[in-house]
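I opened this model to go through its helix, its strands and a few single residues. My notes follow in the order I looked things up.

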Amino acid sequence: MDILKARKKIFFVFVSIYIIGCPILMLYTLGFWFNPNTSNIVETGVISINTNPSGADIFLNNRNINQKTPAVIRSLPPGQYFILMRLKEYRVYKNRVRVYKGK
């Protein structure tokens, strides 16, 4: 009898994870993000970066994102971002980029 109760508990735990996890996963894959500061769901954007030659270090808002070009930075809330790219023996590239929701 205890095994049956344990199986029911495990079943309800997995159903709960499914009911909560699926909508969150679907929203994330569709480009939405939950902002805990405002308790709102925000549509995110993407920055695609390519250089010739490739292999430049990418800094987003003065933080190294540990990616090299070419790169796609996903799930960014809308707003303005400062991009800096650095490659040995080349000039440093600096630019401001605006990210729009859904783009």
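The expected span of a helix is 1.5 Å times one less than its number of residues. I kept that rule at hand for the first entry. I also noted that this is a predicted model.

Entry: helix H1. I looked up H1 and found residues 2-29, 28 residues in total. From the first C-alpha to the last, H1 reaches 40 Å, close to the 40 Å expected. Next I checked the axis. H1 bends by about 30° at Gly21. A proline, Pro23, follows within four residues. Then I asked how many of the 28 residues of H1 are buried. The count is 0, and H1 is hardly covered. Just after H1 I found Gly31 with a positive phi of about 95°.

Entry: Thr44. I located Thr44 in the loop between strand S2 (40-43) and S3. Is Thr44 buried or exposed? The relative accessible area of Thr44 is 7%, so Thr44 counts as buried, the cut-off being under 20%. I then listed the contacts of Thr44, leaving aside neighbours within four places in sequence. Among them are Gly31, Phe32 and Trp33. The list also includes Ser75, Leu76 and Pro77, as well as Tyr100, Lys101, Gly102 and Lys103.

Entry: Ser48. I found Ser48 in strand S3, residues 45-49. Ser48 has a relative accessible area of 60% and is exposed. Setting aside neighbours within four places in sequence, I found Ser48 in contact with Ala71 and Val72. I also took a C-alpha distance: Ser48 and Pro70 are separated by 7.7 Å, though they sit 22 residues apart along the chain.

Entry: strands S4 and S5. I looked up S4 at residues 57-60 and S5 at residues 63-68. The two strands run antiparallel and are joined by 3 bridges. Leu60 has Arg63 in S5 as its bridge partner. The hairpin has 2 residues between the strands. There I noted Asn61, which takes a positive phi near 55°.

Entry: salt bridges. How many salt bridges does a search of the whole structure find? I got 1. Lys68 forms a salt bridge with Asp57, with the closest N and O atoms 2.4 Å apart. The pair links distant parts of the chain, Lys68 in strand S5 and Asp57 in strand S4, 11 residues apart. Lys68 is partly exposed at 47% relative accessible area. Asp57 is partly exposed at 26%.

Conventions
Residues are numbered from 1 along each chain as its sequence is written. This is a predicted model: local features need pLDDT of at least 70, side-chain atom pairs count only at pLDDT 80 or more; totals for chains, interfaces and linings use all residues. Side-chain values use heavy atoms; hydrogens and water are left out. Two strands pair if DSSP finds at least two bridges between them. Buried means under 20% relative accessible area, exposed over 50%, partly exposed in between (1.4 Å probe, protein chains only). Contact means heavy atoms within 4.5 Å. A salt bridge is a side-chain nitrogen of Lys or Arg within 4 Å of a carboxyl oxygen of Asp or Glu. The bend at a residue is the angle between axes fitted to the seven residues ending there and the seven starting there.
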